[in-house]
Structure formats: structure tokens, C-alpha cells
Amino acid sequence: MKYRFVEEKFFNLLMILAMLVVFGFFASILWTIAKAGFRSLTWEMITQLPGGGFYLGKEGGIWNAVAGSLMIVTASALLGLIISIPIVFYLNVYLKKTSRLAWFTRLSFDVLFGIPSIVYGAFAFTLMIFFGLKTSLLGGILVITLLIIPIFVRSMDEIAHSVSKDLLDAVYSLGATRLEACKVVVRQIAPGIATATLLSVGRAIGDAAGVLFTAGFTDSIPTSLDQPVATLPLAVFFQLSSPIPEVRERACAAALLLTLIVLLLSITGRLITGCFSKNRMK
């Protein structure tokens with residue numbers, strides 16, 4: 001008994017140390033970029049377009065990158081939802097839980113979930129060359145949509161998979177069709193859809209490797225799908241390589257803004273998940 005007590009204390013200590021190490025890394029990253037970029041993170045910087053000497057440390061801001069990120073993420077999230085929700089319904093309503101097709105589909109999305117974003121970027125770039133497209137807003141939307149679909153599908157599928165079979169049997173016993181059963185399922189997984197959307201947006205808005213090949217970069221805001229677009233990760237990447245200290249400070253400010261956005265999305269997703277869990281327990 002004493003050995004088991006010591007073993008439990010030892011592993012509890014290891015878990016606490018692991019948690020402190022992770023928190024320490026997060027705090028270190030946040031402190032580093034906040035220290036370097038907080039002074040440059042002003043309202044004017046966020047809401048202004050780059051001026052003529054912006055990359056030389058003069059006037060202007062990163063509104064082009066903020067607006068471009070919002071355009072790409074909003075369009076990609078909508079497309080991702082439109083494509084992912086029917087897949088989730090087909091896996092959990094139309095197919096049996098023991099179906100080999102369902103097993104293989106989930107395995108495929110698990111693999112897609114772990115593929116690095118730069119691979120998606122290379123694949124989308126190849127498609128763009130094949131169809132004669134140039135780096136543009138459309139290219140950025142294409143690669144980010146491909147990137148977040150596995151996140152959508154697996155996140156919503158995990159919640160839909162937990163919907164009680166008795167609930168579906170009760171719906172079918174009332175004479176409902178499978179399409180009508182989908183309406184019942186969507187009410188059960190609505191918080192999961194919201195959580196998956198926030199997680200996907202957080203992943204999408206911070207991606208740099210994919211859009212580097214497909215979206216291009218510009219100091220203006222695109223007015224059509226075939227024009228290049230700037231994003232926050234690329235703004236950080238290009239400015240951080242500048243030899244001018246003021247420009248590097250702005251890069252850290254953009255990185256701080258991006259980190260705060262992702263942090264806010266993650267916290268919101270956790271809160272929604274927590275509320276969903278409490279409602280299920282009730």
C-alpha cells in the first residue's frame with residue numbers, strides 16, 4: 001500500500017511539473033511578443049493601411065492584413081460548415097456505427113487532421129497551376145477550407161457519435177424519416193458546431209504556410225476573388241525579417257494581436273464546451 005501511495009504522489013508531481021512547463025512556455029511566448037510589440041500595438045496601427053514608407057518604419061498600419069485574414073477565415077468557415085455538416089450527418093444517421101465505410105472515413109479525416117498546413121498549401125498551389133489561377137483571395141480561401149474541413153468533421157463527429165441511439169430509435173418510431181432525424185441531431189450537436197467553428201477559425205487565422213503559396217500579399221484590400229490578399233501571419237513573417245527595429249516592433253505587435261485573437265477564440269470554445277457538458281449532465 002505504501003508503494004502505491006508513493007507511486008501516486010510521484011506521478012501527480014510529474015503531471016503538475018508538465019502542466020507548469022507548458023504554462024511556462026505559453027507565458028514566455030506571450031511575454032516576449034508583448035514586451036517587444038505592445039508599444040506599437042495602437043488603434044491607428046490596426047485600422048490604417050500601410051503607407052508609402054511603412055516597411056521603412058514610417059506611417060501606416062496592418063489593416064490590410066487584418067481585413068484579409070477576416071475575409072479568408074469567414075469564407076472558409078462558411079464553406080467548411082457547408083461541406084462538413086452533411087458528412088457528419090451521413091456518418092451518424094445514414095450509416096451504421098459498425099460500418100466499415102464510416103470507420104475508413106473517420107480514419108481518413110484523422111490523417112488529414114495531422115497533415116501539416118504547408119502540404120495543403122503545396123497541394124492547393126498545384127491545383128491553382130493546373131487551372132491557371134494566380135495567387136489570390138480565392139486561392140487563400142481554397143487552401144484554408146481544405147485545412148479546416150478535417151477539424152470540422154472530427155470535432156462535430158465526436159459529439160454526434162455520442163448522441164444516444166435510443167433517441168434516434170424514438171424518432172424513427174414516430175414515423176420520422178432520416179432527414180427529419182438529422183434535425184434532431186443538429187439540435188443535440190449545436191454547441192459542438194459552435195465549438196468546432198471557433199477551433200477551426202483559430203487554426204485558420206494563424207496559418208502562414210498554406211497562404212504563403214496561394215494568397216500572395218498586398219498593401220491594399222482586395223475587391224475581387226482574383227486579387228492577392230494579405231494576412232496577419234504573413235504580415236508578421238515579412239516584417240520580422242526587416243533590419244529596421246521599428247518594423248520588427250510592428251511585427252511583434254501583429255503577432256501579439258494574432259495571439260490574443262486565437263486565445264480569445266480558444267477560451268470561448270472552452271466555455272461553450274463547458275456549458276454543453278453541464279447541460280448534458282443535467
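This is a predicted model: local features need pLDDT of at least 70, side-chain atom pairs count only at pLDDT 80 or more; totals for chains, interfaces and linings use all residues.
Biologist: Which element gives the largest share of the lining of the largest pocket?

Modeller: The largest pocket has a volume of about 220 Å³, and its lining includes Asn92, Tyr94, Lys165, Leu168 and Arg178. The elements that give two or more residues to this lining are helix H3 (63-94) and helix H7 (165-173). The largest share, four residues, comes from H7.

Biologist: How do the residues of that lining divide into nonpolar, polar and charged?

Modeller: Among the residues that line the largest pocket are Val93 and Leu95, as well as Lys96, Lys97 and Asp169. Tyr172 is also part of the lining. By class, the lining of the largest pocket divides into five nonpolar, one polar and five charged residues.

Biologist: At what angle do the axes of H3 and H6 cross?

Modeller: Two packed helices are described by the angle between their axes and the distance between the axes. H3 passes helix H6 (residues 137-160) in a right-handed crossing. The contact of H3 with H6 has 20 nonpolar, six polar and one charged residues. The two axes come within 7 Å, and the crossing angle is roughly 40°.

Biologist: Where in H8 does a kink lie?

Modeller: Helix H8 covers residues 178-205, and a straight helix of 28 residues would span 40 Å at 1.5 Å a residue. Between its end C-alpha atoms, H8 spans only 36 Å. A kink of about 60° is found in H8 shortly before proline 191, at isoleucine 189.

Biologist: How many cavities of 30 Å³ or more does a search of the whole structure find, and what is the volume of the largest cavity?

Modeller: Rolling a probe the size of a water molecule over the atoms shows where empty space is left. With a cut-off of 30 Å³, a search of the whole structure finds three cavities. For the largest cavity, the volume is about 50 Å³.

Biologist: Which helix supplies the largest share of the lining of the largest cavity?

Modeller: Residues lining the largest cavity include Ser69, Ile72, Val73, Ala204, Ile205 and Asp207. By class, this lining has six nonpolar, two polar and one charged residues. H3 and H8 each supply at least two residues of the lining. The largest share, three residues, comes from H3.

Technical notes. Residues are numbered from 1 along each chain as its sequence is written. Side-chain values use heavy atoms; hydrogens and water are left out. On a 1 Å grid over the protein atoms alone, a cavity is a set of points where a 1.4 Å probe fits but cannot get out, and a pocket is an open set with protein on both sides within 12 Å along at least five of seven lines; lining residues have an atom within 4 Å of a point. Grid points are joined across faces, edges and corners, and a volume is the space filled by probe spheres set on the points. Ala, Val, Leu, Ile, Met, Phe, Trp, Tyr, Cys and Pro count as nonpolar, Asp, Glu, Lys and Arg as charged, and the others, Gly among them, as polar. Axes are lines fitted to C-alpha atoms, for helices over the stretch in contact, and angles run from 0 to 180 degrees between N-to-C directions. A crossing is left-handed if the near helix is turned anticlockwise from the far one by less than a right angle, and right-handed if clockwise. The expected span of a helix is 1.5 Å times one less than its number of residues. The bend at a residue is the angle between axes fitted to the seven residues ending there and the seven starting there.
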